Amino acid sequence: MAPKARPPPPISVTPTIQTPDEDAHDHHYHQYPFEGDDSYSAYERNSLLTPTRDAFYDPNRLSPVAPTFQSNLLSPSMASSSGGGGPNENTSPIDIPNSNGGAPNPFNFQTQIISTSPVKPNVGQRRGHKYKHSSISAQHQIFQEPPPRPPLALPRDLPIPTVKEAWKSMSKDQRRRLYWCICHLLIAVVVFLTAHGSLAMTALSHLVFFDVGSALICVAVEVLGNFEVWKRSSIRHPFGLERAEVLAGFALSIFLIFGGFDLVSHNIKHVLEGKGGHAAHHPDPHDEGDARVQAGGLDMASLAAILATLVSAYGLRNHARISKVMRVSYLASLPSVLSNPFHFLTLSTSALMVLLPLLSIPINVMLDSAICGLVAMAMFALGIRLAIAQGLMLLMSYGGRSGSGSPGKNKEVGVADVVREIEAEPSVEKVEEAQFWQVHYGLCMANLKLSVARGCDDATLSKLRTRISNLIQNRLGEGYGKGGSLRWEVSLQMATAGRF
């Protein structure tokens with residue numbers, strides 16, 4: 001009869017841990033009085049510590065009381081003893097076997113697979129309940145739908161014509177003007193090539209090139225006027241494309257200024273050539289045998305320049321707009337063509353070059369340099385004045401003169417004179433603010449803020465608006481009945497004194 005297994009005796013909780021320095025072959029590191037009992041030794045081998053592990057197990061705790069580390073981390077003897085055979089009936093529930101042979105996991109962790117796809121943030125998406133559609137918003141009408149807007153009176157933009165569309169839209173008269181501009185350009189090239197070193201003829205060729213550029217701008221303006229985008233306002237171009245003409249005229253003024261610089265540099269080079277023992281690089285065109293035009297002969301190039309200038313002046317009116325911007329009053333008494341400073345400069349220079357050979361006056365170096373210097377100075381003056389006038393126009397300003405005193409018959413009226421006449425109105429107490437500017441060659445704008453007398457009714461204010469608009473148009477807009485194309489748009493803001 002098999003002996004009955006005895007229960008384990010009470011032992012003290014004094015664990016003993018064997019270090020690796022001790023004997024590796026010592027498998028019995030706890031000495032108990034019952035060494036011969038196999039069941040007790042098997043129980044001892046399956047226990048990490050001396051006391052029973054079931055006594056220290058608490059399922060309500062997050063972590064076990066007894067250590068659950070791998071036995072081979074303590075000592076080789078414990079690793080060997082823990083791997084002994086035999087069933088273990090007292091194995092704790094926390095001893096979770098590891099299929100990979102690693103350390104047992106004391107926690108009930110489960111493997112989770114995380115997606116590697118990119119996270120899509122909900123940018124611009126509102127979460128939660130929208131207050132606009134809630135019952136509170138419907139009852140109190142906090143958020144109301146905006147009323148439907150009527151369509152805009154102005155289009156966003158208008159199509160700009162291409163070169164092919166512009167060519168198809170040209171009339172016969174416009175094409176004849178374009179062909180004449182090409183002929184005018186050829187005459188300018190002939191004048192430049194027949195100069196033969198003459199500084200006066202070089203200066204004349206610069207003036208003819210300037211006339212050609214102005215004539216081409218006039219033709220382009222007439223062709224673009226066939227389309228709606230030229231004059232009609234849009235959101236992208238509030239004043240149409242008419243300000244492009246101002247920009248082109250500003251480029252011509254820069255051409256005049258640089259042309260004057262070019263003439264001065266050629267003049268200085270020509271005067272200093274041959275000085276200081278240096279031989280001239282080119283033969284002197286003013287010698288008797290090498291004269292460009294013989295004495296008593298007719299200078300055909302200068303005569304062609306005169307004819308081309310007259311045709312462009314009367315047929316195309318190429319400098320009509322920019323001459324009004326410059327307001328040259330000292331030429332106003334001359335005929336219509338000569339009152340334009342650019343036509344006057346070109347015609348006077350070419351006429352002088354035609355008359356000198358006819359009168360058998362030799363054109364020596366000093367006379368040639370003097371003519372070139374005078375033309376260069378005139379180009380400087382006209383170019384700078386034109387650039388300032390058109391620059392102010394591009395900056396939405398008004399370049400009119402501010403005069404003093406009462407306007408006379410032949411005196412140019414300025415903005416200050418107009419403001420004084422407006423203040424002289426019986427219904428106007430004071431001009432609080434006045435702004436004048438020119439948009440392009442044909443349009444100016446005036447915004448005024450007036451303090452009117454108390455007791456003025458609507459009929460009186462309406463008549464005052466009409467009088468002020470007519471006053472500005474007559475004083476600054478060339479007046480009615482004079483053929484002027486400058487139009488003024490006047491906006492008035494009127495209130496009694498102390499309301500602004």
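Which residues have the most contacts inside the largest nonpolar core? Select Val191, Met201, Leu263, Phe342, Val375 and Met379 to see them, within a core of 44 residues. A nonpolar core here is a set of buried Ala, Val, Leu, Ile, Met, Phe, Trp, Tyr and Cys residues joined through side-chain atoms within 4.5 Å. Buried means under 20% relative accessible area, exposed over 50%, and partly exposed in between (1.4 Å probe, protein chains only).

Before going on, note that this is a predicted model, where local features need pLDDT of at least 70, side-chain atom pairs count only at pLDDT 80 or more, and totals for chains, interfaces and linings use all residues. Residues are numbered from 1 along each chain as its sequence is written, and side-chain values use heavy atoms, with hydrogens and water left out.

**Stop 1**

Helices (H or I, at least four residues) and strands (E, at least two) are DSSP runs, numbered from the N terminus. Helix 6 gives the largest share, 11 residues.

Now zoom in on Met379. Among the residues it touches are His206, Leu256, Leu263 and Leu345, where contact means heavy atoms within 4.5 Å.

Then look for a second, separate core of 24 residues, including Val413, Val415, Phe436 and Leu476.

**Stop 2: two helices crossing**

Show helix 5 and helix 8 together. Their axes come within 10 Å and cross at roughly 155°; axes are lines fitted to C-alpha atoms, for helices over the stretch in contact, and angles run from 0 to 180 degrees between N-to-C directions. The two helices are therefore roughly antiparallel (an angle over 145 degrees). Display the side chains where they meet: Trp180 and His184 are among those from helix 5, and Ala304 and Thr309 among those from helix 8.

**Stop 3**

Most residues other than glycine have a negative phi. Select Ser360, in the loop between helix 10 and helix 11: its phi is positive, near 60°. Ser360 counts as partly exposed, at 46% relative accessibility.

Next try Met396, in the loop between helix 11 and helix 12 (415-423). Met396 also has a positive phi, of about 60°, and is partly exposed at 29%.

**Stop 4: confidence**

Finally, colour by pLDDT, the predictor's confidence in each residue, from 0 to 100. The chain averages 74, but pLDDT stays under 50 over residues 68-99 and is below 50 over residues 402-410.

Key: Angles under 35 degrees count as roughly parallel, over 145 as roughly antiparallel, 65 to 115 as roughly perpendicular and the rest as oblique. Lists of a residue's contacts leave out its neighbours within four places in sequence.
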